[in-house]
Amino acid sequence: MKWVTRDHVHMDRVACPWLIKRFVDSDAEFAFVPFGTDTPPPEDAIPFALPGAELGPHDDEGSTFRKILRKYEIKDPALDMLAGIIDSGIVHVFSQIDHGYTDVAALEYPEGIGLDAFSQGMMYISASDTANIETAMTIYDALYAFCRAKLLEAERPDIVALPFPQRWDAIREALRAG
């Protein structure tokens with residue numbers, strides 16, 4: 001299936017293709033309409049992060065990432081945590097625009113600031129939006145593993161009690177086991 005969003009993909013619009021490829025449609029292809037125009041998306045594509053789309057851009061209903069989780073009934077605490085990191089990154093972006101600073105202590109997940117920095121950097125160095133998404137897949141795989149590891153640590157005090165690097169090895173083994 002073809003999916004379509006705006007060009008100049010950044011944070012939520014990069015996280016969503018990762019989510020779609022990993023949890024909704026492994027054969028997904030992505031197309032882009034020019035940012036800031038009224039160019040209609042291709043009729044054979046599912047629009048996301050576009051105004052007026054069911055899976056529209058972040059608003060009072062949440063990020064596009066959260067909208068995809070809801071629509072496709074994806075239940076995964078690590079993905080919920082990842083959505084929180086994305087939400088914090090979005091808050092950071094708008095805080096920078098509106099105030100020139102972000103109250104880091106007010107963010108649920110300060111990792112969102114790093115995600116914003118990474119996302120902007122990827123947008124600047126990628127030859128195209130498609131290349132950006134392809135390159136970022138590994139980063140979102142890693143961020144998902146980070147979320148899974150944090151949840152595992154909360155559930156398994158025996159792992160947290162291990163000294164490093166045994167702790168990292170135990171987490172890696174537990175994540176691979178499923």
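1. A word on angles first: those under 35 degrees count as roughly parallel, those over 145 as roughly antiparallel, those from 65 to 115 as roughly perpendicular, and the rest as oblique. Axes are lines fitted to C-alpha atoms, for helices over the stretch in contact, and angles run from 0 to 180 degrees between N-to-C directions. Helices (H or I, at least four residues) and strands (E, at least two) are DSSP runs, numbered from the N terminus.

2. Please keep in mind that this is a predicted model, where local features need pLDDT of at least 70, side-chain atom pairs count only at pLDDT 80 or more, and totals for chains, interfaces and linings use all residues. Residues are numbered from 1 along each chain as its sequence is written, and side-chain values use heavy atoms, with hydrogens and water left out.

3. Let us start with helix H3 (residues 77–99) and helix H4 (residues 111–125), whose axes come within 7 Å and cross at roughly 70 degrees. H3 and H4 are therefore roughly perpendicular to each other. Contact here means heavy atoms within 4.5 Å. On the H3 side the meeting residues are Ile85, Ile86, Ser88, Gly89, His92 and Val93, and on the H4 side they are Glu111, Gly112, Ile113, Leu115 and Asp116. Sorted by class, this contact of H3 with H4 has 5 nonpolar, 4 polar and 2 charged residues. For that sorting, Ala, Val, Leu, Ile, Met, Phe, Trp, Tyr, Cys and Pro count as nonpolar, Asp, Glu, Lys and Arg as charged, and the others, Gly among them, as polar.

4. Next, the sheet. It is an open one of 3 strands in the order S2-S1-S3, with parallel pairing. S2 and S3 are the edge strands, each pairing on one side only. On average, neighbouring strands of this sheet are turned by 35 degrees against each other, direction ignored. Two strands pair if DSSP finds at least two bridges between them.

5. Looking at the individual pairs, strand S1 (residues 2–6) and strand S2 (residues 29–33) are joined in the parallel sense over 5 bridges. In that pair, Val4 stands opposite Ala31 in S2. S1 also pairs with S3 in the parallel sense, over 3 bridges, and Trp3 has Ile46 in S3 as its bridge partner.

6. H1 lies across S1 and S2, running at about 165 degrees to S1.

7. Now for burial, where buried means under 20% relative accessible area, exposed over 50%, and partly exposed in between (1.4 Å probe, protein chains only). In H1, the buried residues are Asp12, Arg13, Val14, Ala15, Cys16, Pro17, Trp18, Leu19 and Ile20. These buried residues of H1 pack against S1, S2, H2, H3 and helix H5 (129–155). In helix H2 (residues 64–71), Thr64, Phe65, Lys67, Ile68 and Leu69 are buried, and their cover includes H1 and H3.

8. Ala136 is worth a click: it sits in helix H5 and is buried, at 1% relative accessibility. Residues up to four places away in sequence aside, Ala136 touches Val14, Phe118 and Met122.

9. Some backbone geometry deserves a second look. Most residues other than glycine have a negative phi, and most peptide bonds are trans. Ala49, in the loop between strand S3 (45–47) and H2, has a positive phi of about 60 degrees although it is not a glycine. Ala49 is buried, with a relative accessible area of 3%. Glu73, in the loop between H2 and H3, has a positive phi near 50 degrees, but Glu73 counts as exposed, at 62% relative accessibility. As for peptide bonds, the one from Phe164 to Pro165 is cis, with omega near 5 degrees. Pro165 lies in the loop between helix H6 (157–160) and helix H7 (166–177).

10. One last stop is Pro57, in the loop between S3 and H2. Leaving aside neighbours within four places in sequence, Pro57 is in contact with Arg6, Ala49, Leu50, Pro51, Gly62, Thr64 and Lys67.
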